[in-house]
Amino acid sequence: MTFVVAPALLTNASSVLAMSTVNRMVRAHDRMHAFFARSEAGELSDFFTAQVDRVEKQAALLLRALHSIYIALAAFACATLVTLLGAGLMSVASAFLLHAVAGLGISLGFVGVGGLVVGCVNLFRATHLSVLNIHDEAATIRARKARGPIERKS
């Protein structure tokens with residue numbers, strides 16, 4: 001039964017990672033929607049376009065991460081099922097069948113871990129783009145402050 005615990009825990013961890021990735025995807029969508037509204041108002045500077053490009057790339061990375069995490073989730077769930085099946089067949093199955101079931105379970109586990117690794121790499125890359133946008137925004141704010149107060153038109 002201890003062989004069932006690892007894939008079951010990894011299934012849970014993958015689910016939590018998938019939920020947080022979906023939340024990040026929603027935030028990227030909201031940010032792009034805000035950029036769209038600003039573009040409708042005529043804001044089309046090079047700074048603005050660079051920000052839009054990064055958010056678009058970030059959304060693509062998040063989607064790839066989500067695909068990988070879903071593959072990992074499915075693989076871990078299948079590995080749990082295969083492990084349970086192997087435990088149930090232990091008393092009645094041949095050694096060859098048990099080895100085949102064990103090999104399948106281990107293979108599914110490797111697929112799951114690979115999916116998590118690819119997903120995490122894409123999440124890291126998406127986070128890097130967020131940090132670049134934050135740095136650019138901070139630099140712009142500092143530059144505006146150094147220029148002095150902005151006069152508002154009445």
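**Figure 1. Three salt bridges in a predicted model.** Counting a salt bridge wherever a side-chain nitrogen of Lys or Arg sits within 4 Å of a carboxyl oxygen of Asp or Glu, we end up with three of them. This is a predicted model, where local features need pLDDT of at least 70 and side-chain atom pairs count only at pLDDT 80 or more, while totals for chains, interfaces and linings use all residues. Residues are numbered from 1 along each chain as its sequence is written, and side-chain values use heavy atoms, with hydrogens and water left out.

**Figure 2. Glu137 meets Arg31.** Here the two side chains form a salt bridge, 2.1 Å from N to O. The pair ties together distant parts of the chain: Glu137 belongs to helix α3 and Arg31 to helix α1 (residues 2–40), 106 residues apart. Helices here are DSSP runs (H or I, at least four residues), numbered from the N terminus. Buried or exposed, or in between? Residues under 20% relative accessible area are called buried, those over 50% exposed, and those in between partly exposed (1.4 Å probe, protein chains only). Glu137, at 27%, is therefore partly exposed, and so is Arg31, at 28%.

**Figure 3. Asp136 and Arg54 pair up.** The closest N and O atoms of this salt bridge are 2.6 Å apart. Again distant parts of the chain are linked, with Asp136 in helix α3 and Arg54 in helix α2 (residues 46–89), 82 residues apart. Asp136 counts as partly exposed because its relative accessibility is 25%, whereas Arg54 is buried at 18%.

**Figure 4. Arg38 with Glu43.** Their side chains meet in a salt bridge of 2.5 Å, N to O. Arg38 has a relative accessible area of 33%, so it is partly exposed; Glu43, with 31%, is partly exposed too.

**Figure 5. Helix α3 and what follows.** This helix has 53 residues (95–147). Just past α3, Gly148 adopts a positive phi of about 105 degrees.

**Figure 6. A nonpolar surface patch.** Leu10, Val113, Val117 and Val121 make up a patch of about 290 Å². Patch members have over 30% relative accessible area and no salt bridge, and nonpolar side chains (Val, Leu, Ile, Met, Phe, Trp, Tyr) are joined within 5 Å. Helix α3 contributes the most, with three residues. Val121 lies in helix α3 and, at 46% relative accessibility, is partly exposed.

How values were computed:
Helices (H or I, at least four residues) and strands (E, at least two) are DSSP runs, numbered from the N terminus. The expected span of a helix is 1.5 Å times one less than its number of residues. Patches are made of residues with over 30% relative accessible area and no salt bridge: like charges are joined within 9 Å, nonpolar side chains (Val, Leu, Ile, Met, Phe, Trp, Tyr) within 5 Å. Accessible areas come from the Shrake-Rupley method with a 1.4 Å probe; for residues, only the protein chains shown count as cover.
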